[in-house]
Amino acid sequence: METRHTAILLIDCPDRKGLVAAIADFLYTHGANILHADQHQDNDLGLFFMRVEWSLADFDLTREVFRERFAPIAERFQMNWRVEYSDLLPRVALFVSRELHCLVDLLHRWRIGEQKCEIPLIVSNHEDARPLAAFYGIPFHHTPVTGSDKSGAEKFQLELLAQNSIDLVVLARYMQILSPNFVNRYPRRIINVHHSFLPAFSGARPYHAAHQRGVKLIGASSHYVTEALDEGPIIEQDVTRISHRYDLDDLKEKGRDVERIVLSRAVRWHLEHRILVYGNKTVVFD
């Protein structure tokens, strides 16, 4: 099947009349066939958000010229904007520790074409994922993290990311806290997943605590990583019901299922350029 190349324009700016008309008229004038268009207004803040995707088949502006021609419209409406192209596959690094369920899910979805990206490397502070990386033919880098030399491990990891021109870092159950230096090198380009027992059941054994409390819902959250631990802009969340019949192993199994789904959605939406971040919130376009 022939691959359809598209461009995706993402915009946020003060809300005002004429925005949609100006964008649509500009694209129509240059031969764009709009495939998807979605918008959102934050009435409290007076902000406008938009995602437009169009086919490049009959579009008469090159990528360089597009930026030049669109700039006056962006300036007139005080837009923050960027344009992405579907044929430029993001390069993704997967970080993992010993729990492999999220890694397995992401690699399978990548292999069957659901996650459109390149995965040049897998990084882990343990050896557990090495056979899985070998199965998928992806270079595996074991970077032990010790309390005495955590900065040294991060320095090596950052060098790996730079050498491989990484666009996105996915923490697929990577059980280490990243330093502010690491996070600031990849703003809004690090995605994490964790259970949604926070803040009630924090610590190393949240499923044990939740089981003892008799919770009826468990869930997971996926978010961009910021310096504030587990408080970055949320991309996706989901829950599943449980009952008194579930023992601790059942809770963990259900939790892994939700974590897999939530992380894969968040990664896919990022790869498809469907997310705009403002403040500590996200707009995720359908």
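What follows is a chat about the sheets, the helix packing and a few single residues of a predicted model.

Reader: Before the details, what kind of model is this, and which pLDDT limits apply?
Author: The model is predicted, and local features need pLDDT of at least 70, side-chain atom pairs count only at pLDDT 80 or more, while totals for chains, interfaces and linings use all residues. Residues are numbered from 1 along each chain as its sequence is written, and side-chain values use heavy atoms, with hydrogens and water left out.

Reader: Okay, sheets then. In what order do the strands of the four-stranded open sheet come?
Author: The order is β2-β3-β1-β4, with antiparallel pairing; here strands (E, at least two residues) and helices (H or I, at least four) are DSSP runs numbered from the N terminus, and two strands pair if DSSP finds at least two bridges between them. The edges are taken by β2 (33-42) and β4 (80-85), and because each has a single partner strand, one side of each is left without a neighbour in the sheet. From one strand to the next the twist averages 10°.

Reader: How many bridges hold β1 and β4 together?
Author: Strand β1 (residues 6-14) pairs with β4 over six bridges in the antiparallel sense, and within that pairing Tyr85 of β4 is the bridge partner of Ala7.

Reader: And what does α2 touch on that sheet?
Author: Helix α2 packs against β1, β3 and β4, and its direction makes about 160° with that of β4; touching means contact, that is, heavy atoms within 4.5 Å, and such angles run from 0 to 180 degrees between N-to-C directions, with axes fitted as lines to C-alpha atoms, for helices over the stretch in contact. Helix α1 lies across β1, β2 and β3 (47-55), running at about 20° to β3.

Reader: So how do α1 and α2 sit relative to each other, angle and distance?
Author: Two packed helices are described by the angle between their axes and the distance between the axes. For α1 (residues 19-29) and α2 (residues 63-76), the axes come within 11 Å and cross at roughly 165°. That makes α1 roughly antiparallel to α2, given that angles under 35 degrees count as roughly parallel, over 145 as roughly antiparallel, 65 to 115 as roughly perpendicular and the rest as oblique.

Reader: Which residues meet there?
Author: From α1 the residues are Ala22, Phe26 and Leu27, and in α2 they meet Phe66, Arg69, Phe70, Ile73 and Arg76.

Reader: What about α7 and α8, at what angle do they cross?
Author: Their axes come within 10 Å and cross at roughly 120°, which makes α7 oblique to α8. The α7 side of the contact consists of Tyr207, His208, Ala210 and His211, and the α8 side of Leu248, Leu251, Lys252, Gly255, Arg256 and Glu259.

Reader: Which way do β5 and β6 run, parallel or antiparallel?
Author: Strands β5 (residues 91-96) and β6 (residues 118-124) run parallel and are joined by five bridges, and Phe95 stands opposite Val123 in β6.

Reader: I was looking at Ser221 in β10. Is it buried or exposed?
Author: Ser221, which lies in strand β10 (residues 217-224), is buried, with a relative accessible area of 6%; buried means under 20%, exposed over 50% and partly exposed in between, using a 1.4 Å probe and protein chains only.

Reader: What does the Ser221 side chain make a polar contact with?
Author: The partner is the side chain of Gln237, at 2.8 Å; a polar contact is a pair of N or O atoms within 3.5 Å, where within protein one must be able to donate a hydrogen and the other to accept it, and residues adjacent in sequence count only if both atoms are side-chain atoms. Leaving aside neighbours within four places in sequence, the contacts of Ser221 include Asn192, His194 and Val262.

Reader: Last one, the backbone: what phi does Gln78 have?
Author: Most residues other than glycine have a negative phi. Gln78, in the loop between α2 and β4, has a positive phi of about 55° although it is not a glycine, and at 54% relative accessibility Gln78 counts as exposed. His273 also has a positive phi, of about 60°, without being a glycine; His273 is found in the loop between α8 (248-271) and β12 (275-278), and at 11% relative accessibility His273 counts as buried.
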